[in-house]
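Please read the following report on side-chain contacts and pockets alongside the sequence and the 3D view.

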Amino acid sequence: MNKKKIKHFIILAVFCSLFQVYGQETTKYSIIPLTEKLKPIEGEFIIDNQTVIFDNSKQNKADASLFIQSLNDIYQIKPVLINTKPKSNFLQIDYCKSMQIDAYKLEVNKNNIKIRGGKNGVFYAFQSLLQLVKKDDQGKISIPCVKIKDKPRFQWRGMHLDVSRHFFSKDVVKKYIGRMAFYKMNTFHWHLTDDQGWRIEIKKYPLLTQKGSWRKGTVVGHAGYSKTFDTIPYGGFYTQDDIREIVAYATERHINIVPEIEMPGHAVAALSAYPQFSCKGNVNGVEKNWGVFNDVFCSKEETFTFLQDILDEVITLFPSKVIHIGGDECPKEEWKKCSVCQANMKKMGLKDEMQLQSYFIQRIEKYLNSKGRTIIGWDEILEGGLAPNAMVMSWRGTEGGIEAAHLKHDVVMTPGKYCYFDHYQSDPEDEPLAIGGFTTVSKIHEYDPAPKTLPKNVRKYIKGVQGNVWTEYIPSDSHLEYMVFPRLLSMAEIQWTTVKRKSYPDFAKRLTAHYSLFNKLGINASMSFFDTYMKIEQNKDSNGIVVSLSNSIPDSKIKYTLLVSKDNIQQNAYSYPIYLTENCILKYNSIIDSYQGKSKTIKFNINKATGKPLIFIEKPSKYYGDGSGFCLVDGIVPLSQNDNKRWMTWSDNNAEIISDLKSTQTISSVSIATFTDTLRHILKPKTVKVFVSENGNEYNEVKNSLITFNGDLTNITFDKENNIRYVKIIAENAGKIKLPNSNKEEYSWIFIGEIIIE
Ligand SMILES: [Zn+2]
């Protein structure tokens, strides 16, 4: 070993040993969200049946009682709550008025545990303790000794749940709130009303739930493509007693519930029950489809009385200072046609319908302010002028939030890209149907809601961050858990932990450790966190492609098997990119501790076009594919017709593509992957013609071509062509397609998923 190598070796060895210690500590103290300060101490405190909890405060002992209950639920052990201080084997709690409300100090020694905290802080200390508990094979229950000082970064640490698109029972909502509390969240944003169902009992207007909580059916599949509906009645609602029970449950767990009553848009369910508050005076029933709809509340006087009456009952049920009034996605079509709305605009000197929306929100704000409450709304409430005391929830990005913060309004950040849990969390090909998007654990973790790049006087108005769970594509309780876990833990960490302390590799290790807790708590968490991602690139030096594999978990192993032929099977732990130059099957998976992600098997068809440049004479749609069109020469015939990024698409024109083989070759067939799906207006091309050229200037059509079909593959075989470098494929659009249930016609789409040239 030369000197330089030795030096490197020593550095590497030191680094590895440091990392090992660090790794062990991470697993031993795997608290999520990460604490502000944590000092490991040798030894452990053993909890047994003699352990007591000493709480001499005047508090109602609810925090300690809940802790005992959780210990019993998870570990079947039940310490007793007492009022006199024992000598050893006890847990002592002190509520401390001088401490920040959410802050706490926790000290675990061999003989005792001491907690000091603010009004909520003691509860948070208990959650940290619960996450530290270990039970060994002999049934010994222990907590590693430690000293913790902790407080949150943000005061609004929220999770949202849409119970309109799909309804979740009282018990499921309580469970959801309990788990939020376990990860130190404090705000439950309850989306109670929308076009597809009104879910809160209002005594003065019984039809809201009698009629408005039921729809006659639901769209089947993705609303973006599907035109079919089932006829199964769907509904449900919470009685006022249910709501009081849920509010009490949340309050015990230091969670404030912010109810959302949507207005002036997303009001179809309410208007189906009381159509007199729409502009037209009639509405077609509770919505069965997902989307944005034109029937909204009319600005007539009676509507305000109606909404104020509703809000009166809402504020008696919910102690929250802040009430969410929606304010998003309100089409102005009906207001434009309505004589009352137009007269109101004239009377009040409003320039356009945007200002009418602003008037609507401001009037509701004034009403709620008069009752001692404030409003929060989605960022559209900025349009036409922001209500004077309103908080803003920034969802269409961060711009709305930043604008509101500049205007000195409090803001909660929920940008879709990082905070929407209805998005895919792994490769859509292997996931249950979702609305779209791609929001992984690591992506959420990297988000900083109040970055240093913003001026300090803007940053201070950013009160927090929240995960939103829209449930169009989340029909069941177990599916809800699958979408929420483990992503909720990532959200909890960006809510609580400072950017300076936050480290993704460390988080990933703690998160892996939490999977055993998910098992104990019976949470149906997604295993997609352990999935492996494949990246395919052109092989610049030769034929074929280069495949790289990665996952989101540092220090994990990716195993792969490459089957080229019976005699050529390679099994390896992945360390370097894999070069593929002939047809093969690649299987891979990530293995971390006792967990693994999805096993993938990919069949590669490596041919003369694979990895070679493409020229698009007719521009494909920018809404599909991978941008460059490389997905057509990556060696993979798409398995799913729904995986949008694997298909390049053309509407109302032909697909005209040139493949540059980079050197002259002999060829005799071209195949393209394409399919028909009339529901999505996708038709196979009417004809496919192939032209060839040596120099790229003069093209000749191939001779004696014959088209055959094999599944999604359209194969064109022809007489052998020699000295060919350029291959032009023209797939002719099949023309217009008649829309179901109407006389309208629309151009069909061509979808192409792969080009194979042999
Ligand atoms: Zn109107």
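## Pockets and contacts

Sorted by class, the residues lining the largest pocket are 16 nonpolar, 10 polar and 15 charged; here Ala, Val, Leu, Ile, Met, Phe, Trp, Tyr, Cys and Pro count as nonpolar, Asp, Glu, Lys and Arg as charged, and the others, Gly among them, as polar. This is a predicted model, in which local features need pLDDT of at least 70 and side-chain atom pairs count only at pLDDT 80 or more, while totals for chains, interfaces and linings use all residues. Residues are numbered from 1 along each chain as its sequence is written, and side-chain values use heavy atoms, with hydrogens and water left out.

The space in the largest pocket comes to about 950 Å³. A pocket is found on a 1 Å grid over the protein atoms alone, as an open set of points where a 1.4 Å probe fits, with protein on both sides within 12 Å along at least five of seven lines, and its lining residues have an atom within 4 Å of a point. Grid points are joined across faces, edges and corners, and the volume is the space filled by probe spheres set on the points. The largest pocket is lined by 41 residues, and those closest to its centre are Asp427, Pro428, Asp643, Asn644 and Lys645. Two or more lining residues come from each of strand 21 (532-538) and strand 28 (600-604), and strand 21 gives the largest share, five residues. Helices (H or I, at least four residues) and strands (E, at least two) are DSSP runs, numbered from the N terminus.

Asp427, Asp643 and Lys645 are also among the members of a network of salt bridges, which links them with Glu429, Asp430, Lys600, Asp634 and Arg646.

The second largest pocket has a volume of about 820 Å³. Its lining holds 33 residues, with Ile101, Lys119, Asn120, His254 and Asn256 nearest the centre, and it divides into 14 nonpolar, 11 polar and eight charged residues. Helix 2 (62-75), helix 6 (240-252) and strand 15 (256-263) each supply at least two of the lining residues, and the largest share, four residues, comes from helix 6.

The structure holds 40 salt bridges, a salt bridge being a side-chain nitrogen of Lys or Arg within 4 Å of a carboxyl oxygen of Asp or Glu. Three of these pairs are set out below.

| Glutamate 472 | Arginine 165 | 3.5 Å |

Glutamate 301 in helix 8 and arginine 363 in helix 11 (residues 353-370) link distant parts of the chain, 62 residues apart. Their relative accessibilities are 45% for glutamate 301, which counts as partly exposed, and 22% for arginine 363, which is partly exposed too.

Tyrosine 274 and phenylalanine 277 form a tilted pair, 6.4 Å centre to centre with 40° between the planes. Tyrosine 274 is buried, at 8% relative accessible area, and phenylalanine 277 is buried at 8%. Tyrosine 274 also pairs with phenylalanine 306, again in a tilted arrangement, at 5.5 Å centre to centre and 55° between the planes. Tyrosine 274 lies in the loop between helix 7 (268-273) and helix 8 (301-317), and phenylalanine 306 in helix 8, so the pair ties together parts that are 32 residues apart in sequence. Elsewhere, ring pairs link Phe167, Tyr176, Phe188, Trp190, Tyr238 and Phe318 into a cluster.

How values were computed
Phe/Tyr/Trp six-rings, centres within 6.5 Å; stacked < 30°, edge-to-face > 60°. Buried < 20%, exposed > 50% of the residue type's maximum accessible area, 1.4 Å probe, protein only.
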